[in-house]
Amino acid sequence: MDVSNTKDLAEFPDYYKVSGYAADAMEWCTAEEIIKGDGTTKELMPQGNTNRAECATIISRYVSFSEK
């Protein structure tokens, strides 16, 4: 799978909270809009919790992407 597409995390107000080990993956996930950030604040909330609906949405977007 091509994971070379990236997005500058600085577009998100809490980008600095993304752990170093996760930065590359988050740059790819946001570029492919698998993770879009909070609909109101546009925050990624990388240190927060994810509820079941949010997790299902992320998985669904990933599956749709991987089937392209």
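Modeller: Start with Thr30: its relative accessible area is 1%, so Thr30 is buried. The classes run as follows: buried is under 20% relative accessible area, exposed is over 50%, and partly exposed is in between (1.4 Å probe, protein chains only). Before going on, note that this is a predicted model: local features need pLDDT of at least 70, side-chain atom pairs count only at pLDDT 80 or more, and totals for chains, interfaces and linings use all residues. Residues are numbered from 1 along each chain as its sequence is written, and side-chain values use heavy atoms, leaving out hydrogens and water.

Thr30 sits in helix 1. Helices here are DSSP runs (H or I, at least four residues), numbered from the N terminus.

What does Thr30 touch beyond its neighbours within four places in sequence? Thr30 is in contact with Lys7, Leu9, Phe12, Ile35 and Leu44. Contact means heavy atoms within 4.5 Å.

Now widen the view to helix 1. Its buried residues are Ala23, Met26, Trp28, Cys29 and Thr30. They pack against helix 2, residues 52-66. Take Met26, also in helix 1. At 13% relative accessibility, Met26 counts as buried. Apart from neighbours within four places in sequence, Met26 is in contact with Leu9, Val18, Ile35 and Leu44.

Next comes the core. The largest nonpolar core has 11 residues in all: Leu9, Phe12, Val18, Ala23, Met26, Trp28, Cys29, Ile34, Ile35, Leu44 and Phe65. Helix 1 (residues 23-31) gives the largest share, 4 residues. A nonpolar core is a set of buried Ala, Val, Leu, Ile, Met, Phe, Trp, Tyr and Cys residues joined through side-chain atoms within 4.5 Å. One of the core members is Ile34. Not counting residues up to four places away in sequence, Ile34 touches Trp28, Cys29, Ile58, Arg61, Tyr62 and Phe65.

Back to Lys7, one of the Thr30 contacts. Lys7 is partly exposed, with a relative accessible area of 25%. Lys7 forms a salt bridge with Glu11, the closest N and O atoms being 3.6 Å apart. The rule asks for a side-chain nitrogen of Lys or Arg within 4 Å of a carboxyl oxygen of Asp or Glu. By that rule the count comes to 1 salt bridge. Glu11 is exposed, at 54% relative accessible area. Ala10 lies in the segment before helix 1. Ala10 is partly exposed, at 42%. The C-alpha atoms of Ala10 and Glu27 are separated by 9.9 Å, though the two residues are 17 apart along the chain.

Glu33 follows the helix and has a positive phi, near 60°. Most residues other than glycine have a negative phi. Glu33 belongs to the loop between helix 1 and helix 2. It is partly exposed, at 46% relative accessibility. Met45 lies in the loop between helix 1 and helix 2, and its phi is positive too, near 55°. Met45 is partly exposed, at 42%.

Asp38 is also in the loop between helix 1 and helix 2. A polar atom of the Asp38 side chain lies 2.9 Å from the backbone nitrogen of Thr40. Beyond neighbours within four places in sequence, Asp38 is in contact with Glu43 and Met45. Asp38 has a relative accessible area of 25%, so it counts as partly exposed.

End on helix 2, where Val63 lies. Val63 counts as partly exposed, at 36% relative accessibility. With Met1, Val3, Ile59 and Tyr62, Val63 makes a nonpolar surface patch of about 470 Å². Patches are made of residues with over 30% relative accessible area and no salt bridge; like charges are joined within 9 Å, nonpolar side chains (Val, Leu, Ile, Met, Phe, Trp, Tyr) within 5 Å. Accessible areas come from the Shrake-Rupley method with a 1.4 Å probe; for residues, only the protein chains shown count as cover.

Notes:
Helix = DSSP H or I, 4+ residues; strand = E, 2+ residues; numbered from the N terminus. Polar contact = N/O pair within 3.5 Å; in protein donor to acceptor, adjacent residues only side chain to side chain.
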